[in-house]
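Take a look at this model before reading on. The text below walks through some of its contacts, with aromatic rings as the guide.

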Amino acid sequence: MHIFPGAIGALDGTLIHAVVPVDQQTRYRGRGKGECYQNEGIAHDSKVLKEVAFNPTSGFPFPPPDKYYLCDAAYTNTRGFMAPYRNTRYWLADFRRNRALTKKEKFNHAHAQLRNIIERAYGVLKARFPILKQMAPYPFPVQRDIVIACVAVHNFIRKYDIEDELFTNFEQNTMVTPNVGGGGSEGQNIEGIEWGSEAVDYMTTLRDQIANQLFSNG
């Protein structure tokens, strides 16, 4: 973390299964197998972030000017949101056989190691509440409220440090994180939020500085 002193957390989306009438499934249709999800369709991660960014009632916790979230390549690399280098190896599995060689690969590997925290957090959430992976056929507003309730309970257990087997396994790094279905995928060319060229240049420079430091450290 001393290489990423400004990182205050990780940002990502995850797919939540939905049961909707046949005549409404098109806008909820997911990629791949064509399952329906509450937050799929055209709602890429960057679109969701853009919606809350310009909604004054969203309450989204934007980082201070010198801090940032670690995000995947579905987000724009701009002030407050540090994304990996595109068109460069990123996922941890990509480095299991061949170690990182270039400065961009070293940066992406370190970035992915830190950002993996949110993948594991989603793994805990969905292991605790399997209904998020296979929703019951309740009315859609009820399905939505189930997600809110599950996340609230999850956060309550975490916030108040309640003894919990799933979190214990998470802390001990013994939990195998399932494929939790992220909202975006590495390599997507999504524009995301137009923060302005100055904000993009700021984060591009900062990312290059970190990459150079990692490369010089060997």
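**Around Phe60**

Set aside the neighbours within four places in sequence, and Phe60 is in contact with Leu11, Leu49, Val52, Tyr69 and Phe81. Keep in mind that this is a predicted model. Phe60 itself sits in the loop between α1 (45–53) and β2 (68–70). One of its contacts is Leu49. Phe60 and Leu49 are eleven residues apart in sequence, and their C-alpha atoms are 9.0 Å apart in space.

Now turn to the rings. A pair of aromatic rings is described by the distance of the centres and the angle of the planes. This structure holds nine aromatic pairs. Phe60 and Tyr69 make up one of them, with 5.9 Å from centre to centre and 55° between the planes. Tyr69 has a relative accessible area of 10%. The cut-off for buried is under 20%, so Tyr69 counts as buried. Ring pairs also build a cluster here, which links Phe60, Phe62, Tyr69 and Phe81.

Move on to Tyr85 and Phe107. Their rings form an edge-to-face pair, 5.4 Å centre to centre, with 75° between the planes. Tyr85 lies in the loop between β3 (81–82) and α2, while Phe107 belongs to helix α2, so the pair ties together parts that are 22 residues apart in sequence. Are these two residues, Tyr85 and Phe107, buried or exposed? Both Tyr85 and Phe107 are buried.

How do the helices cross? The axes of α2 (residues 103–128) and α5 (residues 197–216) come within 8 Å and cross at roughly 100°. Angles of 65 to 115 degrees count as roughly perpendicular, so α2 and α5 are roughly perpendicular to each other.

Finally, look for charges over rings. Elsewhere, Arg79 lies over the face of Tyr202, at 3.6 Å from the ring centre.

Technical notes. Residues are numbered from 1 along each chain as its sequence is written. This is a predicted model: local features need pLDDT of at least 70, side-chain atom pairs count only at pLDDT 80 or more; totals for chains, interfaces and linings use all residues. Side-chain values use heavy atoms; hydrogens and water are left out. Helices (H or I, at least four residues) and strands (E, at least two) are DSSP runs, numbered from the N terminus. Contact means heavy atoms within 4.5 Å. Axes are lines fitted to C-alpha atoms, for helices over the stretch in contact, and angles run from 0 to 180 degrees between N-to-C directions. Angles under 35 degrees count as roughly parallel, over 145 as roughly antiparallel, 65 to 115 as roughly perpendicular and the rest as oblique. Rings of Phe, Tyr and Trp (its six-membered ring) pair if their centres lie within 6.5 Å; planes under 30 degrees apart count as stacked, over 60 as edge-to-face and the rest as tilted. Buried means under 20% relative accessible area, exposed over 50%, partly exposed in between (1.4 Å probe, protein chains only). A charge sits over a ring if NZ of Lys or CZ of Arg is within 6 Å of the ring centre and within 35 degrees of the ring normal.
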